[in-house]
Amino acid sequence: MLDVTFIRENTDLVKTGMKNKGEPDTSIVDRVLQKDEEWRSVVTEVDNLRAESNQKAKKIGELMGQGKKEEAQKLIKETGDNKAEIKELEERLSVLQKERDDLLYQIPNVPDASVPVGHSEEDNEVFLTWGEQSGDDWKLPHWDIAEKKGWIDFERGSKVTGAGFPFYVGSMARLQRALINFFLNEASEHGYTELQAPYFVNEDSARGTGQIPDKEDMMYTIPRDGFFAIPTAEVPVTNFHRDEIFSQDDLPVYYTAYTPCWRREAGSYGKDVRGLNRLHQFDKVELVKIVHPDTSDDELESLREYAESLLKKLKLPYRTLLMCTGDMGFTQTKKYDLEVWSPGQKRWLEVSSCSNFGSFQARRMQLRFKNEKGKTEMLHTLNGSGLALPRIVASILETYQTEEGDVLIPEVLKPFMGVDQI
């Protein structure tokens, strides 16, 4: 969430950011400031009463030393009344702070000045394009290839669980495993520490990374235990250091984790979600950075370049989009999307989002560090997909298919697959 002092000093900027992210009703900002004003007023009352109590306590000692017990007893009663009033005001402070924080959780992050203002995907900017887009008319979409080969069983997955939960069979299960190992090995070689993370998180963790109160309808829940099935490894991995204070010398910190991910994808239907284009359960290797505030802009660019390098090694044509304000999301201050070319569908498929959250998540999680002056500051967090598997698999099947109906294996995956084609 945003710092209330930042909101107070940059009210117009915060309101403009909300409007640019598609939230025209900015009255919540005024309600936050009003609640904060109440909170600060009570803090002043408490401070004044404590100062008064300290002065009276000192005076009591002096009066007792002078033998003026009657006057001292009068002050003792007054200090008792002060303590009762302070306790009452402290309870009021807790209520006001919770009310203020509940409002703060509903204000989105402010877009970076470099982010294009826009309200839909049409307003995103193409940052770069790499590789040649195949336009061969004979190339089939991945679902036709998978069906002919018996590699992906959507029907049995639907029987066992429901739509969007496919079985991967034989060579396709092996390809999934090869991609996971390739992505994890690459991340380790680039300085990321691998974690094996929990697949379920509690409410504090979901709130810490901004999934709630924003994306509750996208997550699967386990009500009996108060858990959420993770929509991405970003949630458990970023919360790994929640409520901790780093030394500046420990920064930056890079983590990677493979996990399955679960998303309800409510309202998703039509040809754009056919096959592997959109699933309720899918595999992903995630990258998380915890960094010094001064370096987070550069860290975002290096994160993007690393995710792009994976696509280059797989020789999959891609483009990188700089997302506009209205297509960026609640928590990000800046975001790039990487999309691979799907020759069988003649369209782009998103396979990675690389995002900078600034201190937005860190403030929710109280994720801090001590600077060179010993002062505690909020860290900055970033994450990106490195990479999400379903659309990578779709693109590989379509890009590397042969006219004979087989699929060649990308060179970098051959050591993991042990074959040249499937």
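Guide: Contact here means heavy atoms within 4.5 Å, and axes are lines fitted to C-alpha atoms, for helices over the stretch in contact, with angles from 0 to 180 degrees between N-to-C directions. Helices (H or I, at least four residues) and strands (E, at least two) are DSSP runs, numbered from the N terminus. The model is predicted, with local features needing pLDDT of at least 70, side-chain atom pairs counting only at pLDDT 80 or more, and totals for chains, interfaces and linings using all residues. Residues are numbered from 1 along each chain as its sequence is written, and side-chain values use heavy atoms, leaving out hydrogens and water.

Visitor: Across which strands does helix α7 lie?

Guide: Helix α7 (residues 171-189) lies across β4, β9, β10 and β16, and its axis runs at about 5° to that of β10.

Visitor: What makes β1 and β4 edge strands?

Guide: Two strands pair if DSSP finds at least two bridges between them; β1 (125-130) and β4 (193-195) each pair on one side only, so by that definition they are the edges. The open sheet has 8 strands in the order β1-β11-β12-β13-β16-β10-β9-β4, with mixed pairing.

Visitor: How do you know that β12 and β13 pair?

Guide: Strands β12 (residues 334-342) and β13 (residues 347-356) share 9 bridges in the antiparallel sense, and the definition asks for at least two, so they count as paired. Within this pair, V340 stands opposite L349 of β13.
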